Amino acid sequence: MSFVLYFILFSVTLISITHYVDAKRNLSKAEEDDIEKQLKILNKKPVKTITTKIGDIIDCIDIYKQPAFDHPLLKDHKLQLAPSSIPGVIANKTNPSYSIFRGLQNKRCPSGTVPIRRTTRDDLVNAKQFTKKIEPFYATNTSSNTNSDYHVKAIEGKKYYGALSSMSTHDLTVYRGEFSTSQIWIVNGPINEINAIEFGLIHDPSLFRDSRARLYGSWTADGHRSTGCRNMLCRGFMQISTTVTFGQDYRPSIYGREAHENYFMVNLNAGNWWLNVGPYADAMEPIGYWPGALFNHLNVSASVVRHGAFVSKTSRGSTPPMGNGYIPQTDDYFKTAFMSQMKYIDEASNLLDIDPNSIKIRKSAPPHCYDIKFAGNVGEYWDMTMVYGGPGGPTCT
């Protein structure tokens, strides 16, 4: 059996959902009842509630009463409080992961509880719209003529047990109803029942009411036809960290002056897919995990890993910016979005560089909209690096 490691960048043109205006949609009684039911499941009674400096409401939930335990497949799940190991990571208490975020609250959740961003009605309405936007890609596992598809074909005959990259963080202007991500995909299974985990950064004002770069994770067991969601908008992800949760916003780079980057990794440990973030490759913190029981293909390994980005448009007739909003270049890394230390994880939990000799890039979007360049091994701590991004605009649809 052959396996493919993909290096991919998407610019997706999609049709907006009728009757949605900033998540204000006239729902049927059955839809309203379903949303109310989901809100009761997702918003557990908090031990404590914290409002962050940027207005996010964080509930401190008993770690053993978090929403994931209400998933039918996780009723008897035994909580894994920590992974047995994290590939390439050493203990480093001087640079805690929460130091990489801005807008943090001064208070912390009490012992025995975990922070979970409170879900609103609008969040769930927008989640349905999000699913309808990304489902077509998973239904075909390919790009149409209106997409930009950049991929890397790598080592055959391999199984993958995770992936890592450092991503630069940037502020972007993204409007409600559209989103822009920088992320890694971990995928397995046939097209009609694709299992996938996505993680990295997202700019989504429909969900967060601003377009800051936020911590993002997503899962599905059937190409988003009926399973999975972003962040904690459904039951599934097991939150473990007491200080870092989905939706926290990152300090942005300053164009031409400062380049802020942060590490993201998902690795398979004891049958569960752990999400780890941190300021350095050897100082990442486990945030939580997607239990292997959620999947029927990813519960063993992945067959595809992708590094890249994804953007979605609305009926405005224009696509949002990607990366740092500028066409990428390799002359000045203070002026471009980049991913460095692009790696995958093997069965022995080794972090390995992607093979530069296997890279094949295909482009299908106008070069003035978005672009991507693989820089190879840049040296020092950069290792395998790519630059990517672009302004988007009305001519990119």
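## The disulfide of C369 and C396

C396 is buried in this predicted model, with a relative accessible area of 6%. Its disulfide partner is C369, and the two sulfur atoms lie 2.0 Å apart. C369 is buried as well, at a relative accessible area of 0%. The torsion about the S-S bond is about -100°, so this disulfide is left-handed.

C369 belongs to the loop between β18 (351–353) and β19 (371–377), whereas C396 belongs to the segment after β20 (384–389); the bond therefore ties together parts that are 27 residues apart in sequence.

## The other disulfides

A disulfide is a covalent bond between the sulfur atoms of two cysteines. The structure holds three of these links. When the bonded cysteines of the protein chain are numbered in sequence order, the pairing reads 1-2, 3-4, 5-6.

One of the links joins C60 to C109, with 2.1 Å between the sulfur atoms. The angle about its S-S bond is -80°, and the link is left-handed. The pair connects distant parts of the chain, 49 residues apart: C60 sits in strand β3, and C109 in the loop between β4 (101–102) and β5. C60 has 0% relative accessibility and counts as buried. C109 is also buried, with a relative accessible area of 11%.

Another disulfide is formed by C229 and C234, whose sulfur atoms are 2.2 Å apart. This link is left-handed, with -80° about the S-S bond. C229 is buried at a relative accessible area of 8%. C234 has 19% relative accessibility; because buried means under 20%, C234 counts as buried too.

Strands β2, β3 and β5 form an open sheet, in the order β2-β3-β5, with antiparallel pairing. Its edge strands are β2 (48–51) and β5 (113–117), each of which pairs on one side only. On average, neighbouring strands of the sheet are turned by 30° against each other, direction ignored.

Strand β3 (residues 57–62) is joined to β5 by five bridges, and the two strands run antiparallel. C60 takes part in this pairing: its bridge partner in β5 is P115. C60 thus has a bridge partner in β5 and a disulfide partner, C109, in the loop between β4 and β5.

## Aromatic pairs

A pair of aromatic rings is described by the distance of the centres and the angle of the planes. The structure contains 13 aromatic pairs. Among them is the pair of Y250 and F264, which is tilted, with 5.6 Å from centre to centre and 55° between the planes. This pair links distant parts of the chain: Y250 lies in strand β12 (residues 249–250) and F264 in strand β13 (residues 261–269), 14 residues apart. Both Y250 and F264 are buried.

The rings of Y381 and W382 have centres 5.5 Å apart and planes at 25°, so this pair is stacked. Y381 is partly exposed, at 41% relative accessibility, whereas W382 is buried, with a relative accessible area of 13%. Y381 and W382 belong to one aromatic cluster together with Y333 and F338.

Terms used: Residues numbered from 1 in each chain as written. Predicted model: local features only at pLDDT ≥ 70, side-chain atom pairs only at ≥ 80, totals over all residues. Heavy atoms only, no water. Phe/Tyr/Trp six-rings, centres within 6.5 Å; stacked < 30°, edge-to-face > 60°. Helix = DSSP H or I, 4+ residues; strand = E, 2+ residues; numbered from the N terminus. Buried < 20%, exposed > 50% of the residue type's maximum accessible area, 1.4 Å probe, protein only. Pairing = 2+ DSSP bridges. Axes fitted to C-alpha atoms, helices over the stretch in contact; angles between N-to-C directions. Disulfide = S-S within 2.5 Å.
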